[in-house]
Amino acid sequence: MSYPPLPPEPIRVVVTGAAGQIAYSLLYSIAKGDVFGKDQPIILVLLDIPPMLPVLDGVVMELQDCALPLLREVIPTDKVEVGFKDLDAAILVGSMPRKEGMERKDLLKANVAIFKTQGAALDKYAKKTVKVLVVGNPANTNCLIASKSAPSIPKENFSCLTRLDHNRASSQVAMRCGVSSDKVKNVIIWGNHSSTQYPDVHHAKVNVHGSETPAYDAVKDETWLRGDFISTVQQRGAAVIKARKLSSAMSAAKAICDHMRDIWFGTKEGEFISMGVYAAGNSYGIPEDLIYSFPVEIKNKTWKMVDGLPINDFSRAKMDATAAELVEERDTAMDFLSQ
């Protein structure tokens, strides 16, 4: 008699800033199986700061009330040694938000402290195979600090979220062409998850009436693609805040799911996506010691940069400008790190 295969062992996933609004949009999708697979049991660890623990209890109650078969255990905590133990995946959403009148430098200083602590805790308590996604802003530099604070975990295991920008760019092109967003592929976000990022459609394809067309030919409006399209994507986060009085949560959570699912299951043949990764060994002349958003393909939970795309002068200038901002952020952060 043959027995049915045993279900896989549960994986441990932490979400930090777990009482916040991005997490509130994110946790259901993870617990339901949208990210790590429909048959993958999950132990969900929710980390936040001590004043948020009562709120976290409410989130735990709601997760229980969803009655999700894959969710084996929910662990709310304010302690990194509990939060980061034996992790398979870490989604670092929590960070110090920018308050009115706050200098970017002050914001960096506060976040260096947070991500130094979390990096050291990952180093000490998590599995060495852990995949770490940094969402909290400034995401690229926070990711670099976390990685530098976790020397025993491979640098390749750290990435930061630029998938939201990538999805924004895809959607703008799709709307402009009157097609659904799945008909657009291979847009690229280069650089920093900030307003200097460069959304690039020179290598993108749009499926129009069943045939793949270069995005520039499909859109037929170079002025828009080099002007308003870029600024719309760069400024989209600010536009959402202005309208909602709150930052992007639903769309950020969806992008986190896309990013992690692609790490777990790989990208489709002939498609690449954008994520902030360690720049060492890149073929685009970007300084090495940065977390910079590149086009990547993913197989067997390992990303690989898409090399050798031709870069014109227009793109080159924008790629260098966002790199310069990241170098400056990194240098300021490294000063704080050594204090």
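# A guided tour of the predicted model

A search of the whole structure finds 7 aromatic pairs, where rings of Phe, Tyr and Trp (its six-membered ring) pair if their centres lie within 6.5 Å, with planes under 30 degrees apart counted as stacked, over 60 as edge-to-face and the rest as tilted. The model is predicted, so local features need pLDDT of at least 70 and side-chain atom pairs count only at pLDDT 80 or more, while totals for chains, interfaces and linings use all residues. Residues are numbered from 1 along each chain as its sequence is written, and side-chain values use heavy atoms, with hydrogens and water left out.

**Stop one: an aromatic pair**

Select W190 and F294. Their ring centres are 6.1 Å apart and their planes stand at 80°, so the pair is edge-to-face. W190 belongs to strand β8 (residues 188-190) and F294 to strand β13 (residues 291-299), so the pair ties together parts that are 104 residues apart in sequence. Helices (H or I, at least four residues) and strands (E, at least two) are DSSP runs, numbered from the N terminus. W190 is buried, with a relative accessible area of 0%, and F294 is buried, also with 0%; buried means under 20% relative accessible area, exposed over 50% and partly exposed in between (1.4 Å probe, protein chains only).

**Stop two: the largest pocket**

Next, select S95, P97, R98, N137 and S247. What do these residues lie closest to? Of the 47 residues that line the largest pocket, they are the closest to its centre. This pocket has a volume of about 1,800 Å³. On a 1 Å grid over the protein atoms alone, a pocket is an open set of points with protein on both sides within 12 Å along at least five of seven lines, a cavity is a set where a 1.4 Å probe fits but cannot get out, and lining residues have an atom within 4 Å of a point. Grid points are joined across faces, edges and corners, and a volume is the space filled by probe spheres set on the points. Helices α1 (21-32), α4 (104-125), α6 (163-177) and α9 (228-244) each supply at least two residues of the lining.

**Stop three: the second largest pocket**

The second largest pocket has a volume of about 750 Å³. Select R163, N167, S170, K254 and D258, which are the closest to its centre among its 29 lining residues. Two or more lining residues come from each of α6, β7 (184-185), α9 and α10 (250-265). Which element gives the most to this lining? It is α6, with 9 residues.

Select β7, β10 and β11, 3 strands that form an open antiparallel sheet in the order β7-β10-β11. β7 and β11 (211-214) stand at the edges with a single partner strand each, so one side of each is left without a neighbour in the sheet. Two strands pair if DSSP finds at least two bridges between them, and 2 bridges join β7 to β10 (residues 205-208). V184 stands opposite V206 in β10.

**Stop five: the cavities**

The largest cavity holds about 60 Å³ of space. Residues to select in its lining include K131, E156, F158, M275 and W303. The second largest cavity holds about 30 Å³, and its lining includes Y198, H202, F229 and F314. β9 (198-200) and α9 each give two or more residues to that lining, and the largest share, 3 residues, comes from β9.
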